[in-house]
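Subject: Structure handover

Hello,

Here is the structure I promised you. Please open it next to this email and follow along.

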Amino acid sequence: MANSEESVDVFLPSGRLRPELVDEPANGVLQQSLRMAHDTCWDSIRSPHVFMGLLATPDQGVNNWGERLGADLPKLLEQFRELFRQEDGDAEALLVLNREFLSDNVIRLLRDSFNRAQEHQRRQITPMDLLISLLTAPNSIVAECFERIGVTAAKLTELAVMAEQAMRKK
């Protein structure tokens with residue numbers, strides 16, 4: 001018998017993402033992630049594509065994070081697109097938001113984001129859940145890219161949490 005406290009998986013048995021667990025802005029981020037994976041010639045959606053999706057469709061929280069970071073989000077997006085573009089990739093690869101087209105890290109990211117939403121008494125994943133889960137993931141390639149220029153994952157996360165709190169106060 002199902003317990004109400006049992007964890008709900010973010011995926012349907014078919015492998016599709018449960019649409020009711022993702023708010024509209026986060027769904028837009030994931031749709032942009034799909035586009036970014038295609039544009040950079042990947043045959044799967046990886047965590048940098050989710051980050052690019054956040055930058056391509058920044059909500060108020062992501063914009064606030066970018067301001068706190070002192071980052072030009074469109075420029076940062078272009079830098080990530082260039083960094084992760086595969087010249088010999090498949091520009092015609094079929095991609096959909098289905099578990100089979102997501103890297104293990106993205107699957108974990110979506111589950112972590114949903115767990116984070118639940119910890120904050122929300123039923124849906126928000127873009128800030130995606131951003132904070134992405135930055136705090138073990139061996140995050142996105143955080144590693146920032147570490148290379150001297151910005152730690154801890155600092156990125158701190159700024160994201162501050163941005164999220166500021167957004168809630170409005």
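First, a term. On a 1 Å grid over the protein atoms alone, a cavity is a set of points where a 1.4 Å probe fits but cannot get out. Lining residues have an atom within 4 Å of a point. Grid points are joined across faces, edges and corners, and a volume is the space filled by probe spheres set on the points.

Next, the ground rules. This is a predicted model, where local features need pLDDT of at least 70, side-chain atom pairs count only at pLDDT 80 or more, and totals for chains, interfaces and linings use all residues. Residues are numbered from 1 along each chain as its sequence is written, and side-chain values use heavy atoms, with hydrogens and water left out.

**The cavity**

The structure has one cavity of 30 Å³ or more. The largest cavity has a volume of about 100 Å³. Its lining includes S47, R108, D112 and P138. Helix α5 (residues 104-119) gives the largest share of that lining, four residues. Helices here are DSSP runs (H or I, at least four residues), numbered from the N terminus. By class, the lining has five nonpolar, four polar and two charged residues. Ala, Val, Leu, Ile, Met, Phe, Trp, Tyr, Cys and Pro count as nonpolar; Asp, Glu, Lys and Arg count as charged; the others, Gly among them, are polar.

**Two buried residues**

N98 sits in the loop between α4 (73-84) and α5. N98 counts as buried because its relative accessibility is 9% (buried means under 20% relative accessible area, with a 1.4 Å probe and protein chains only). Leaving out residues up to four places away in sequence, N98 touches S14, G15 and R16 (contact means heavy atoms within 4.5 Å).

M52 belongs to helix α2 (residues 47-56). M52 is buried too, with a relative accessible area of 0%. With residues up to four places away in sequence not counted, M52 touches M36, L77, F80, R81 and F84.

**A helix pair**

Helix α3 (residues 60-69) packs against helix α6 (residues 127-136) at an angle of about 45°, with axes 8 Å apart. Axes are lines fitted to C-alpha atoms, for helices over the stretch in contact, and angles run from 0 to 180 degrees between N-to-C directions. G61, V62 and W65 in α3 meet P127, M128, L131 and L135 in α6. That contact has six nonpolar, one polar and no charged residues.

Best wishes

Definitions and conventions: 1 Å grid on protein atoms, 1.4 Å probe; cavity = no way out; pocket = protein on both sides within 12 Å on 5 of 7 lines; lining within 4 Å. Buried < 20%, exposed > 50% of the residue type's maximum accessible area, 1.4 Å probe, protein only.
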